[in-house]
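Visitor: Hi! I'm new to this one. Could you walk me through it?
Guide: Happy to, let's have a look together.
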Amino acid sequence: MGAADCTGFTTRQVHAGEGSGGATPRATPIYLTAGFSFGEYGDAAAHFGNGEGYAYTRIGNPTVETVERTIADLEGGSQALLLASGQAATAVALMSIVSAGQHIVSSNHIYEGTRGLLVDSLSRFDISTDFVDDLNDPAAWERLIRPETRALFAESISNGPNRILDIEAIAEVAHRHGIPLVIDNTLATPYLLRPLEHGADVVVHSASKFLAGHGAVLGGVIIDNGRFDAASTGVLFPQLTEVPRGCTQSFAGRAAGDARIAYARESVAPRFGPTPSPLNAFLIGQGIETLSLRVERQTANARALAEALAAHPQVAQVDHPDLPGHPEHALVERYLPAGPGAVFTITLRGGDEAAERFVEALEVFTHMTHIGDVRSLVLHPGSTSHTLLDAEQKAAVGVYPGTLRLSIGIEDAADLIADVTAALEVLEAVAPADVPAAVSA
Ligand SMILES: *Cc1c(COP(=O)(O)O)cnc(C)c1O
């Protein structure tokens, strides 16, 4: 048995991407090159004709492909496509599926950069989006689907205030209409949850977060289940079933179930151009080799910290799905048996002013806009990531004046607990001010 045949997640995160090729370097070499020379004169035409071999890094690169193979394997997908950032992954995934004049239904509980893409950017290309607030009510999704709807979009665990999606229920709604469910799985990582196993069709990630883990580079990835069915849903996606300019076969004719990702790889990504650097791909690959070890530690740290914070009088609410009272507590057992990850929010009784004092008093936590790093990070969403929303819109996604988003790292739990406890002591002087009714314990 080769190492690549092993079934353990941690074995696969180290070995699954191992390549073929003549040489056998132990680590993945960095093919830091814009392009590749053609051998025989005819190799150039063969590449442009049927995609044989390597020509130019925007079309394909062996370092990038190694990382793609690893991620496809870990997510249980057919193929993966690595891109320059998480935003690029979401944009390319949706632009491969949805055309001008068409429509997306999205969960309201999403990363604010994705909301901007949908509301401000794709709208300019006549792609509109409606948002579902009650994310686990299939009827709420169903009501917003129109004849021109081409994708449902949600996060498996939403960024910041944690909401957990009932993926199976929403996938069923999508499939009843012949359209794909696209899931942003950034916060869960494939170690904790694999949406394709629960009926999702396409997964996207910001690889800048847990997959890389070191916070040194940006990256994004699309993983497809390889089950595009031209016979039953092809009429909705002519870009996949009609023969492209100058070709003899459609994407579905040539790539069958992989038509969607083949189209993203060969048409959308190389033309819009968010190509990852092979060096960044290498660094993401290095990160993935320790994914399970980091996420296991970070999840345990987050749980310990959430419990300590929930017991503190200055804390009005801890939004951690392992704690009783979380709206999707029951879904954790079903979808996240190894734990709900390492990003959660707390809401301080003292509002804005307490949030500022707390952040300034922290010493181990870094104040920055990022998650999934080996270091623990803190951010005040109300004045940063969610600043474009009004107070009512913020409250709808669980962001109050005293809300802080924590991303827990791999440090020693005792040091993290001591850091937040000391920072909370600084707040004792602050009067319990404007606590919204919704979060007063
Ligand atoms: C960060 C993030 C993104 C965007 O990824 P970038 O790599 O920063 O472009 C998308 N979705 C989620 C859930 C994220 O946390």
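Guide: One term before we start: a polar contact is a pair of N or O atoms within 3.5 Å. Also, keep in mind that this is a predicted model.

Visitor: Got it. Where does Asp184 sit relative to the ligand?
Guide: A polar side-chain atom of Asp184 is 2.6 Å from a nitrogen atom of the ligand, so this pair falls within the 3.5 Å cut-off for a polar contact.

Visitor: And how much of the ligand does the protein cover?
Guide: On its own, the ligand has 380 Å² of accessible area, and the protein covers 93% of that.

Visitor: Which residues are the closest to the ligand?
Guide: The closest are Gly86, Asp184, Ser206, Ser208 and Lys209, out of 14 residues that surround the ligand. By class, that shell has 8 polar, 3 charged and 3 nonpolar residues.

Visitor: Switching topic: what is the protein built from?
Guide: Its secondary structure comes to 18 helices and 12 strands.

Visitor: How does its radius of gyration fit a compact globule?
Guide: The protein has 22 Å, which agrees with the value near 22 Å for a compact globule of 441 residues.

Visitor: How many of the residues are buried?
Guide: Buried residues make up 54% of the 441.

How values were computed: Residues numbered from 1 in each chain as written. Predicted model: local features only at pLDDT ≥ 70, side-chain atom pairs only at ≥ 80, totals over all residues. Heavy atoms only, no water. Near = heavy atom within 4 Å. Polar contact = N/O pair within 3.5 Å; in protein donor to acceptor, adjacent residues only side chain to side chain. Areas by Shrake-Rupley, 256 points an atom, 1.4 Å probe, with all protein chains shown as cover. Nonpolar A, V, L, I, M, F, W, Y, C, P; charged D, E, K, R; others polar. Helix = DSSP H or I, 4+ residues; strand = E, 2+ residues; numbered from the N terminus. Rg over C-alpha atoms; globule rule 2.2 N^0.38 Å. Buried < 20%, exposed > 50% of the residue type's maximum accessible area, 1.4 Å probe, protein only.
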